[in-house]
Amino acid sequence: MRRTGLGEGGSGNYVASGYSVYEEENEHLQEGLRAKVNALKSLSIDIGTEVKYQNKMLEDMDTDFDSTGGLLGGTIGRVKKLSRGSQTKLLCYMLLFCFFVFFVLYWFIRLR
């Protein structure tokens, strides 16, 4: 009884034919794996670039917050110095005016 695909050479061709099928399948799987590895490499490079960018932005924000904190600390120091003086009544009027302005702005924004 003859099987299809054996050819005239007998069992020697059958073994070689099976080997080439497995080798072709391995090469096909190897190419698929190579494509997936390249995709992962590209993705990891993109993630690394994004992380570097985000770290730079965080450092810039940290610097900005430090400078703003220094400015705010200086302003608070001046307000405290002003409140210790004889101008406390003027300071109270100024604070009440600021609260009034913020309240009016809040009210206008709220109505929109």
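Analyst: Let's start with the whole chain. This is a predicted model, and its chain exposes about 10700 Å². Carbon and sulfur atoms supply 65% of that area. Of the 112 residues, 1% count as buried. As for secondary structure, you have two helices and zero strands.

Now to the part you asked about.

A quick reminder before the pairs: side chains of opposite charge can pair when their charged atoms come close. Here the count comes to two salt bridges, taking a cut-off of 4 Å between the side-chain nitrogen and the carboxyl oxygen.

Take E31 and R34. Their side chains meet in a salt bridge, with 2.6 Å from N to O. Both residues lie in helix α1, three residues apart, which is about one turn of the helix. How open are they to the surroundings? E31 has 46% relative accessibility, so it counts as partly exposed. R34 is partly exposed too, because its relative accessibility is 40%.

Further along sits the pair K56 and D60. K56 forms a salt bridge with D60, and the closest N and O atoms are 3.3 Å apart. These two are four residues apart in helix α1, so about one helical turn separates them. D60 counts as partly exposed because its relative accessibility is 37%.

Then look at the end of the helix. R78, K80, K81 and R84 gather on the surface in a patch of positive charge. What puts R84 in the exposed class? Its relative accessibility is 67%, so R84 counts as exposed, the cut-off being over 50%.

A pair of aromatic rings is described by the distance of the centres and the angle of the planes. The structure holds one aromatic pair. It is formed by W107 and F108, with 5.5 Å centre to centre and 45° between the planes, which makes it tilted. W107 is partly exposed because its relative accessible area is 47%, and F108, at 48% relative accessibility, counts as partly exposed as well.

Methods:
Residues are numbered from 1 along each chain as its sequence is written. This is a predicted model: local features need pLDDT of at least 70, side-chain atom pairs count only at pLDDT 80 or more; totals for chains, interfaces and linings use all residues. Side-chain values use heavy atoms; hydrogens and water are left out. Patches are made of residues with over 30% relative accessible area and no salt bridge: like charges are joined within 9 Å, nonpolar side chains (Val, Leu, Ile, Met, Phe, Trp, Tyr) within 5 Å. Accessible areas come from the Shrake-Rupley method with a 1.4 Å probe; for residues, only the protein chains shown count as cover. Lys and Arg count as positive and Asp and Glu as negative; His and the chain ends are not counted. The place of a charge is taken as NZ of Lys, CZ of Arg, CG of Asp or CD of Glu. Buried means under 20% relative accessible area, exposed over 50%, partly exposed in between (1.4 Å probe, protein chains only). Rings of Phe, Tyr and Trp (its six-membered ring) pair if their centres lie within 6.5 Å; planes under 30 degrees apart count as stacked, over 60 as edge-to-face and the rest as tilted.
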